[in-house]
Amino acid sequence: MHQLNSKLPHIGTSIFTEMSQLAQEHQAINLSQGFPNFMPDKTLMHYAKEAINSHRNQYAPLGGLPELRQKLSDKFYRLYHHRYDWESEITITAGATQAIFTAISTLVNQGDEVIVFKPAYDCYEPAVELYGGVIKPVQLDAPDYKIPWEKVKSLVTDKTKLIIINTPHNPSGYVWTKEDFESLKTIIRDTSAYILSDEVYEHMVFDDKTHLSICKDKELAERSIATFSFGKTYHVTGWKLGYAVAPKALMNEFRKVHQYNVFCVNHPLQFALSQILEEPRHYMNLSQFYQQKRDRFLELVKDSRFKFVPTEGTYFQLADYSEISDLPDTEFCLELIKKHQLAAIPVSVFNQNKLQQGCIRFCFAKTDETLEQAAEVINTI
Ligand SMILES: Cc1ncc(COP(=O)(O)O)c(C=O)c1O
């Protein structure tokens with residue numbers, strides 16, 4: 001039999017699967033993978049049940065349900081002052097993950113260079129590799145994870161096809177500033193680079209920060225595909241629904257790939273989401289909801305030996321454990337699970353060459369009870 005040549009020889013099981021499995025085995029409190037352990041809004045579940053019990057169980061249109069895309073178009077205009085045409089510039093996808101994969105496969109050809117900020121969410125690079133792209137990493141430094149613009153500038157060449165950005169940033173929580181967007185714009189103005197802007201945590205931004213979407217900037221929006229996740233915004237990560245927006249010509253190419261990948265995505269749940277979108281309070285109140293959780297968690301662990309810089313966005317909080325242990329972060333996380341029944345994610349897995357920054361990531365999208373139990377453990381370490 002022919003020997004199969006792996007296209008991704010160095011990729012194993014993702015750290016999220018690994019840590020969640022271990023958490024189960026050791027009955028650990030799971031602050032590792034990013035998902036809420038509480039129920040979604042009752043109204044949304046009601047809409048979902050109604051949609052399944054109606055005539056909405058056959059294929060949806062390729063781009064997504066018109067009523068959902070129309071509402072998203074209005075939402076973009078209201079929040080970011082950019083009007084995406086619902087018919088030709090918005091596509092509903094199987095989570096942001098499929099939107100990201102499709103965007104990368106639409107844009108990246110053999111030998112194209114792709115700039116990725118590290119630590120980086122784990123689905124970007126394998127997709128780039130599959131299409132023959134060359135990763136140009138930019139490592140961000142703890143504890144503030146600011147963008148080193150001189151470094152970015154030095155990496156932008158005629159071969160730069162794509163720059164992948166993520167704000168608010170997983171895992172650091174860093175929220176891009178106006179100056180970041182200005183720097184990006186200046187650097188790429190005379191190039192033909194595209195941008196993939198991963199904004200799945202757009203509604204989780206704290207204190208005096210605001211989410212600045214790429215689509216707020218006309219010049220940048222013209223060369224960008226931006227991706228979003230209903231899973232994150234409505235506490236339904238298991239529904240795997242998200243969307244991508246882009247100017248018409250770009251979206252046209254995106255759809256060619258989308259068409260032969262999934263063609264369309266879950267019909268009844270798109271309908272349920274189109275109904276809940278009528279009430280903006282669900283996403284308008286989300287930052288406040290998660291800020292309360294972040295503050296509660298940080299208050300509970302303030303006397304622990306971990307060091308915390310309050311996260312600016314997302315539902316992740318980094319914790320510096322350098323006063324507790326010299327172990328590399330993955331080993332430290334294994335010890336946390338096995339000895340203390342607490343699961344977290346080692347940040348080095350998202351870093352360039354698994355750089356150690358003495359940091360682990362906790363997810364605080366959990367009930368108050370879970371956060372209290374976790375804090376009790378954290379305070380004994
Ligand atoms: C930065 C980032 N992008 C994309 C995703 C994937 O989103 P979805 O669950 O909608 O596929 C996640 C999920 O954790 C994420 O953290």
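**Helix packing, domains and ligand shell**

User: How are helix 2 and helix 11 set relative to each other?
Analyst: Helix 2 and helix 11 are oblique to each other (angles under 35 degrees count as roughly parallel, over 145 as roughly antiparallel, 65 to 115 as roughly perpendicular, and the rest as oblique). This is a predicted model, in which local features need pLDDT of at least 70 and side-chain atom pairs count only at pLDDT 80 or more, while totals for chains, interfaces and linings use all residues. Residues are numbered from 1 along each chain as its sequence is written.

User: At what angle do they pack?
Analyst: Helix 2 (residues 42-52) and helix 11 (residues 267-276) pack at about 140°, and their axes are 8 Å apart. Axes are lines fitted to C-alpha atoms, for helices over the stretch in contact, with angles from 0 to 180 degrees between N-to-C directions. Helices (H or I, at least four residues) and strands (E, at least two) are DSSP runs numbered from the N terminus.

User: Which residues meet there?
Analyst: T43, L44, Y47, A48, A51 and I52 of helix 2 meet P268, L269, F271, A272, Q275 and I276 of helix 11 (contact: C-beta atoms, placed from the backbone, within 7 Å). By class, this contact has ten nonpolar, two polar and no charged residues (Ala, Val, Leu, Ile, Met, Phe, Trp, Tyr, Cys and Pro count as nonpolar, Asp, Glu, Lys and Arg as charged, and the others, Gly among them, as polar).

User: And helix 13 with helix 15, at what angle do those cross?
Analyst: The axes of helix 13 (residues 286-300) and helix 15 (residues 368-378) cross at roughly 25° and come within 9 Å. The two helices are therefore roughly parallel. K293, R296, F297 and L300 of helix 13 make the contact with D368, L371, E372 and A375 of helix 15. That contact has four nonpolar, no polar and four charged residues.

User: Changing topic, how is the chain divided?
Analyst: The chain has domain 1 (15-40 + 284-378) and domain 2 (58-279), with bounds from an automatic or database domain assignment. Their C-alpha centres lie 25 Å apart, and 27 residues of domain 1 are in contact with 27 residues of domain 2.

User: What gives the most to domain 1's side?
Analyst: Helix 13 gives the most to the side of domain 1 that touches domain 2, with five residues. That side divides into 15 nonpolar, eight polar and four charged residues.

User: Which residues come nearest the ligand?
Analyst: Of the 13 residues around the ligand, G95, A96, T97, Y121 and S229 come nearest (near: C-beta atom, placed from the backbone, within 6 Å). Helix 4 (residues 95-107) gives the most to this shell, with three residues. The shell divides into three nonpolar, nine polar and one charged.

Conventions. Contact = placed C-beta atoms within 7 Å.
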